[in-house]
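Please read the numbered points below with the model open.

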Amino acid sequence: MTLAAAMAAGREAGLLPEANGDVRHHPRPVRLAFFLARLYGHPANAGHHIEVCRKTTVGWERGWQHLQVPEPPWPQDVVEAAVDLLIGVGETHDCYVGVLPRAQPSSLGRDVQVACCLWADCDLKSGEAVPRLRAFRPRPSMVVDSGGGRHAYWLLEQPLDPHEAQLLNARIAHALSSDRVGDPQRVLRPPATFNHKPCYPRPRPVDLVYVNPGQAWAPVEALRALPDPPDPPRPPVPPSPIGDRDDPLKAIPAPVYVPALAGREMGRDRKVRCPFHGGGRERTPSLHVYDDGWKCWSCDRAGGIYQLADLADGGDGQPRGERFLELQRRLDDLFSVRRTPKSAAAGARR
Ligand SMILES: [Zn+2]
């Protein structure tokens, strides 16, 4: 069967799986085409770049190639070129694609701007993760047999900030006892390739095995409601307005200054009810306190001691000039900071 014929057959079938969601009877290239169109087909991904990498016995080739995501619906020739490329690489190499497309050709998480899916990697070795995935609700939108386990994807109608996606991926991984692989730069094996791990007697096929029947988008609220793991992933803390490690205020741990400045208690889970959104009356705390910073996962405000103090004082969280110095004097008083000439200079340079 040629690819074109396979695609036509797939389109005719609408690639709608039977009631049980098993799609294994469809040709491998058709399942790959369907996977690509579903995983990357959200309009928010259009124009972004899918990282394609390969791995040999020598090592990784991250960013080996990039595929630019077209506007939906995808032109047939674009789909065919992508399918041919991945199948070709997969014949001889371990092949991977970036789960989240990057705004420019890149391997870096910082180039990811939106997350149109959540995902999990359930290793067969762990023994527990795959049975847990079978019982997990909401069911994933797609499941790929990776040769050594299952990759589950939940497709989102409303794209998320990649950092929130990372947090939700961590909750899913916690619920499934699966690997922590939810970082924005993550690459995973696409269907219709092979897992060439040397521990296997022969390469194992990687294939799309399940498509959730009758559900186009995953219910994100149900995933948001999952409990956090004991150690949620830390967000990047924006640079302090004074880029100076000599500032003693910056040495105060966030679990000390957040409750003091927010005027709210921190729970044992290191969360605080955020004072900065919803009139400060949220019921479920979403401001997370890390060792060296804080972030509210609902309103997206984040930072260090100065940002928090400024926000608590009605500022925009970016204190500058005279206001910064005034804030620093008050914080010095509050936390009994005694400045050496060197650390005083940290503020004076502003
Ligand atoms: Zn907030």
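What percentage of the 350 residues in the protein chain do buried residues make up?

1. Overall make-up. The model is a predicted one. Buried residues account for 38% of the 350 residues in the protein chain. The chain contains 10 helices and 13 strands. Of the contacts between residues at least 6 apart in sequence, 66% join residues that are at least 24 apart.

2. The nonpolar core. The largest nonpolar core comprises 79 residues. Leu36, Cys117, Leu118, Met142, Tyr153, Val258 and Leu308 are the members with the most contacts inside this core. Helix 2, residues 28–40, gives the most to the core, with 8 residues. Domain 1 (3–224) and domain 2 (248–348) each supply at least three residues to this core. As a general point, nonpolar side chains tend to be buried together in soluble globular proteins.

3. An open sheet of 5 strands has the order 4-6-5-9-8, with antiparallel pairing. Strand 4 and strand 8 (193–195) are the edge strands, and each pairs on one side only. From one strand to the next, the twist averages 30°. Within this sheet, strand 5 (residues 142–145) and strand 9 (residues 204–211) pair in the antiparallel sense over 4 bridges. Met142 stands opposite Val211 in strand 9, and Met142 is also among the residues with the most contacts inside the largest nonpolar core.

4. Helix 5 and its setting. Helix 5 (residues 162–176) lies across strand 4 and strand 6, and its direction makes an angle of about 30° with strand 4. The helix has 15 residues and reaches 21 Å from its first C-alpha to its last, close to the 21 Å expected at 1.5 Å a residue. Helix 5 is followed by Ser177, which has a positive phi near 50°.

5. Burial of helix 5. How many of the 15 residues of helix 5 are buried? The helix is mostly covered, with 11 of its 15 residues buried; among them are Pro162, His163, Gln166, Leu167, Ala170, Ala173 and Leu176. The packing partners of these buried residues are strand 4 (115–123), helix 4 (129–135), strand 6 (149–160) and helix 6 (220–224). Leu118 touches Ala165, Leu168, Asn169 and Ile172, and its contacts also include Trp154, Leu156 and Leu223. Ala165, Leu168, Asn169 and Ile172 are themselves buried residues of helix 5.

6. Pro227. This residue lies in the loop between helix 6 and helix 7. Is Pro227 buried or exposed? Pro227 is exposed, because 9 other C-beta atoms lie within 10 Å, and a residue counts as exposed when that number is 12 or fewer. The C-alpha atoms of Pro227 and Ile172 are separated by 8.7 Å, although the two residues are 55 residues apart along the chain.

7. Strand 12 and its partners. Strand 11 and strand 12 pair in the antiparallel sense over 4 bridges, and a hairpin joins them through 2 residues. Val289 has Trp294 of strand 12 as its bridge partner. On the other pairing, strand 12 (residues 293–296) and strand 13 are antiparallel over 2 bridges: Lys295 is partnered by Ala302, and Trp294 by Gly303. These two strands form a hairpin with 5 residues between them, and Asp300 in the turn has a positive phi of about 75°.

8. The two faces of strand 12. In a regular strand, side chains alternate between the two faces of the sheet. In strand 12, Gly293 and Lys295 point one way, whereas Trp294 and Cys296 point the other way. Which of these residues are buried? All of them are, Lys295 included.

Conventions. Residues numbered from 1 in each chain as written. Predicted model: local features only at pLDDT ≥ 70, side-chain atom pairs only at ≥ 80, totals over all residues. Pairing = 2+ DSSP bridges. Core = buried A, V, L, I, M, F, W, Y, C linked by C-beta atoms within 7 Å. Buried ≥ 20, exposed ≤ 12 C-beta atoms within 10 Å, placed from the backbone. Domains from an automatic or database assignment. Contact = placed C-beta atoms within 7 Å. Expected span 1.5 Å × (residues − 1). Axes fitted to C-alpha atoms, helices over the stretch in contact; angles between N-to-C directions. Lists of a residue's contacts leave out its neighbours within four places in sequence.
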